[in-house]
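Here's a quick briefing for anyone opening this one for the first time. Have a look at the model, then read on.

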Amino acid sequence: MKELLRNLTAIAAPSGREEPIRALIREELAKYCDELRVDSLGNLIAFKRGGKTKLQLAAHMDEIGVVVTAIDEEGFLRFANVGGVNPHRLVGQRVRFQNGTMGVIGAEKIDDIKELTLDKLFIDLGVASAAEARAKVHVGEMAAFEHSFVDLGQRVVAKALDDRVGCAVLIEALKRVRKPANDLYCTFTVQEEVGLRGARTSAFGLEPDLAIAIDVTATGDTPEAMKLAMKLGAGAAIKVKDVSLITHPRVKDLLTELAEKNNIPYQFEVLPYGGTDAGAIHLTKAGIPAGVISIPCRYVHSPSEMVDLNDVEAAVRLVVAAMEQPITL
Amino acid sequence: MLLKELSELNGVSSNETAVRHFIRDRLQGKVETLHTDRLGNLIASQGQTKKGPKVMLSAHMDEVGLMVVGIETNGLLKIKTVGGIDERVLLSKRVLVGPQQIPGVIGAKPIHLQEREERQKPVPLSALFVDIGATDRSDAEKAVKIGDLIAFDTKAACFGDGLFKGKALDDRAGCAVLLNLIENRYDLPLYYAFTVQEEVGLRGATVAAYGINPDLALVVETTSAGDVPPLKKHQASTRLGHGPAISFMDRTLIVQPKLVEALVAVAESAGIPYQFRQTTTGGTEGGAINQTRTGIPAAVISIPCRYIHSPVGVLNLNDFAATIKLVDAVLKNIAQRGLPV
C-alpha cells in the first residue's frame, strides 16, 4: 500500500489535467476488471461484473493546484488557484508542471500578512525573460505542489493524498475482491476539487442503484483543532453528513452493519464543511442513494497531508465488504 | 447597425421577449428549424441531417437590470438587482420600467440632506428608489406592478477610434456574432441557441444543452476588460483591441486543453488576433453545458468589454469583427477535420 500511495501521489494532476494519473490507474487495474473505459469528461470507469445491483464506487483522481494566468516581461508567472488553495500555504512552495518544469512561489513585498492574496504571489521558474518562460510553460498550464512522500511508519505524509488515498483504496479493493455480489462501476473521477464535476456526469451515464464515494475527511485530533470527532488511527469513517450530502440512512446502516460484521474498525463522520462526489451523484436524475467511506486525513489541502495506514486498510476492507455483499435497498 | 439595435432592446433576465422577437425575425427563412423552448430559449438549426459532430453555439439574450419590489405611498419604487450589479453604479441613472417602458430615474437623498458619515459611503440599494414621476402609490400602480423589470435607458453609439458604447453588450454582442454567421453554411449539424437567464445562474443554457445534446458547444460571450486603473497588467482579465479572449478556465468550467489548443491553432493559422482571458473568476454557460448529461465539451470565446454589468459598456469593433472571424474559422475547421476533442 505504501508503494501504491507513493506512486499515486508522485504524479502532478490538478483538476482538468488528470491524464497521467488516469494512465497509471489504468495500468494498475487492467488485469482486475472486465472492462475499462474513459467517458467524455475523462472519468475512468472500471467495470467488474457481479450481480443485479449497480454499485458505483467513486474516488477522484484530481488534486488542487495552480494555473498560469499571465507571464510578465521578466518571465515571472502569475497564477490563479485550481480548487481550494490557501495563499498562506503557498509562499516558498515548489510547484511542478506536467511537462516537468519546476518553479518556486515568491511574494511581492507585503506589510501586513492579511494582505496576502493570490494575486500578490508569482511563480519563479529561474528564467531571465518572458521568452525563456514561454519556452517552458504557457498561459493556461497547470502545476501541482511538489513535495516528496514521507514514510513515518504507521503514518505517511504526501501531497494529494486527497484523494489519491481514495484511489489507492479503490484499486486495492478491486484487486482483493473475490466474489463481487453487485455489478461494480469503480469510477475514478475528474474535477472533484472544482465542483464535483466528473462525478455528476459519470452518474448520469451510469445511473447506478447505489453510490459510495471514497475520499478523505478532516480530523479534530491536533492541538487546538476545530472540534471534530474524527481521529487518525480510529478506523474508516462512515460519513453521516457534510455540506453536499446527508448520507442515505440505508447506506449508512449498510456500511455500519458491514463494519460490525467483519470487525472492521470504523468511526462516524460529521463534517461541517466541504463536500464529495457523493453530493453530486445523489442528486443525479431521479436521485441515487449515496454514502461515503472516508479516510481521516490531517492537513487536508496542504502539501503535507497525513493518513494512518490502519485507517486505509480498514477502508479497503469496508469497500471489499460492500462489493461482496448482495445489496438491495 | 445590428449591434446598436440589439443593445437598445431591453431584456432583463426572465423577460427576453423583445430580444427574442428581434432575433427570430432575422432568423426566419435562413435556418432549417426554429423554435422557442419552454424556458424561452430561441433555438435554430442548420444541417440537422448532415454528418459530422453536432455543434451548439450559444449566446445569452438576457441582461442585468432591476426589479420593482415595492411601491411607496408617495409613488417611488423600491428596487432589487437582477444579476450581478455593482450597486454603486446605480445612482442618478435613467431607466425604463415594466412592459410599458415607463421612463424613470434612480434617485436617493440629495447631498445637502446627507449626514457627514453618509457622504463617506456609497448609497446602499435599500436607500435607492426609482422615480417615475408618479404623484402617489395609486398613480404609480396605473403604470407599474411589483415584479416589473427595469432596464437601463442607454443609447448605443460608436465613438473614438473604432470603439462602441452601449448597455447589455453582455451578451447582445455575442448574439450579434451568432447572427453574423447565420448566412454562412457549414458542413455539419449546427445549432444556434439564444438563451435566457444566464445572468441569474446559467439557467437557459442548462436546459438548452440538455435538449440539443450536442457533441461540442462554443459559447460566445462578453467578458470584463481590465485595462483600466488601478489594475496591473497581470490583473487585467482582458484588454480591448487585442482580439477575442479564449478561456482556459473560469469558475464554472475547465476547458479541455486540446480544445484550447485547437482554438489557438485556428486563430494563428487564420491570422486572427486573440488573447487569453487572464483570470479564472466569473462563470459562463460553458460550465452549465459541460455538466449536462454525460458531459459535453465546451469552449468559451469572449469579446472584451469595459464596465460590464453597468449602464454602459465599451467594446472595440475590431475585437467584435475578429470574434466573428474566429468562430467562423473554428466551425469550418471542425467541419473539415472533426472534433478537436
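Predicted model: local features only at pLDDT ≥ 70, side-chain atom pairs only at ≥ 80, totals over all residues.

Most residues other than glycine have a negative phi, and most peptide bonds are trans.

Cis peptide bonds
- D171(B) is joined to D170(B) by a cis peptide bond, with omega at about 10°.
- Over in chain A, D162(A) and D163(A) are also linked by a cis peptide bond, again with omega of about 10°.
- D163(A) belongs to helix α4 of chain A, residues 161-176.

Positive phi in chain B
- R293(B) isn't a glycine, yet its phi is positive, near 50°.
- You'll find R293(B) in the loop between α8 (285-290) and β16 (298-306) of chain B.
- R293(B) counts as partly exposed because 14 other C-beta atoms lie within 10 Å.
- Y307(B), not a glycine either, has a positive phi of about 60°.
- Y307(B) is in the loop that runs between β16 and β17 (313-316) of chain B.
- Y307(B) has 18 C-beta neighbours inside 10 Å, so it is partly exposed too.

A loop residue in chain A
- S302(A) sits in the loop between β16 (290-296) and β17 (305-308) of chain A.
- With 18 other C-beta atoms within 10 Å, S302(A) is partly exposed.
- From S302(A) to R200(A) it's 102 residues in sequence and 26 Å in space, C-alpha to C-alpha.

Where the chains meet
- Chain A puts 21 residues into the contact, and chain B puts in 15.
- On the chain B side that touches chain A, six residues are nonpolar, eight are polar and one is charged.

Notes: Residues numbered from 1 in each chain as written. Chains lettered and ligands numbered in written order. Helix = DSSP H or I, 4+ residues; strand = E, 2+ residues; numbered from the N terminus. Buried ≥ 20, exposed ≤ 12 C-beta atoms within 10 Å, placed from the backbone. Contact = placed C-beta atoms within 7 Å. Nonpolar A, V, L, I, M, F, W, Y, C, P; charged D, E, K, R; others polar.
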